[in-house]
Amino acid sequence: MTKITRVGSASPPDGGWGWMIVAGCFLVTICTRAVTRCISIFFVEFQTYFAQDYSQTAWIHSIVDCMTMLCAPLGSVVSNQLSCQAGIMLGGLLASTGLILGSFATSLKHLYLSLGVLTGLGFALCYSPAIAMVGKYFSRRKAFAYGIAMSGSGIGTFILAPVVQLLIEQFSWRGALLILGGFVLNLCVCGALMRPITLKEDPSGPEKSHDRDAQREDCKQASPYSPLTKEWTETRLCCSLQQGYGFLLMSDFVVLAVSVLFMAYGCSPLFVYLVPYALSVGVSHHQAAFLMSILGVIDIVGNITFGWLTDRRCLKNYRYVCYLFAVALDGLCYLCLPMLQSFPLLVPFSCTFGYFDGAYVTLIPVVTAEIVGTTSLSSALGVVYFLHAVPYLVSPPIAGWLVDTTGSYTAAFLLCGFAMIFSSILLGFAKIAKRMKRTQVPFLVKDSDPKLHLWTNGSVAYSIAKELDQKDEESLAKARTGCNLT
């Protein structure tokens, strides 16, 4: 294989080839997330052909989503060890193979393995590395770049939903899956656009690479049976894991991870059950597919406009709050859905839900980057999308079981809505608690007898202030003064 040429840069270029990276990520989201959403259009066809209930049929969509997110860390590892280009091309081949094999399925179990496991694994190798590449090429206009890149999910859904419905009518579900398999091969083209870049703070930069090469030479000269070689290897492995995944010990990231579990549980079932729900209230097949198209096109508006707005100076420092706002409003939309039982009422629902779905999806990488930094973004996104896996796996079947048990979609939609609202509330309370602690630190080092108070609490104040916020220079300065008085 030819050696991949890396572009060196002291800071993200915020343009240039970065726009090609955005275009590549845009196509990746079309071929992964949009295709996954359009699997819901096959739901009724699979249910009728294989004579299965809601919960059994829903496992297909669940496994695709679960594998995409469960193997997201694997995608990050492959792109870090080989290259982003190689990882995405390999993922494209696997995803296409899964869709093509799915077109020959004779049972739901075959679809679980081909369309579920194999296609989901291929999507995992493509999705998180492509998103992380955008974060490496952009800094000042990061949210806007992510808005454009992530809008591929909405545009793809808008275009593919009616197209897939037509393909099913013309060629049956088998022919439609076969054609989608050929379409997904475009992921290999997307991978070719992902030119690697080396940033100054990147641990894989030229200086770090030189150090690693020197260490490899030292290792080669050492005896393979030397205990020093074993100790060196273990030390290097420990340091590498600590550097790459040290963010797992950050309290902010832990809270984000827990909230993602509830958010992911709520967001997935709609894309499985919107079409069946619409059909159950008397909407025609074409109108039901059109609802998915509306959801997709408004998703685009949410991606781009929310990304552009949160890059403005007035909102740039409030991206976290905007993310909470978008997730909470999607939860409220869920709570209203059982009352909407006609096509004219479902259209505004699709518009509202689609807009805020696109909004918070755009801000997930941005919020993650603000917490862990650019250097660990690829690994952190792998973990964040990994956390989507279990909720994506269990939420559609649980919703299907509720529909089979109650004979109504109400309980399923209400549970999803409350899960998303709780996710937003959890992050909001965590942010408020952190700010309250931060404001209490300066009062810790003030008293009527400053010297006595600082003598007893100065070192404690310094450690607390450092833990709360490394950027809070005022609190750190006061705490250091207390330590010096001792």
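Where in H3 is the kink of about 30° centred? The kink in H3 is centred on Ile60, the bend at a residue being the angle between axes fitted to the seven residues ending there and the seven starting there.

This is a predicted model, in which local features need pLDDT of at least 70 and side-chain atom pairs pLDDT 80 or more, while totals for chains, interfaces and linings use all residues. Residues are numbered from 1 along each chain as its sequence is written, and side-chain values use heavy atoms, without hydrogens and water.

Two helices (DSSP runs of H or I, at least four residues, numbered from the N terminus) are set out below with their expected spans (1.5 Å times one less than the number of residues).

| Helix | Residues | Length | First to last C-alpha | Expected span |
|---|---|---|---|---|
| H3 | 54–70 | 17 residues | 23 Å | 24 Å |
| H13 | 319–336 | 18 residues | 26 Å | 26 Å |

In H3, 13 of the 17 residues are buried, so this helix is largely enclosed by the rest of the structure. Buried means under 20% relative accessible area, exposed over 50%, and partly exposed in between (1.4 Å probe, protein chains only). The buried residues of H13 include Arg319, Asp330 and Tyr334.

Thr32 lies in helix H1 (residues 18–38) and is buried, at 0% relative accessibility. Its side chain reaches the backbone oxygen of Val28 at 2.7 Å.

Phe422 belongs to helix H17 (residues 410–444) and is partly exposed, with a relative accessible area of 39%.

Notes. Polar contact = N/O pair within 3.5 Å; in protein donor to acceptor, adjacent residues only side chain to side chain.
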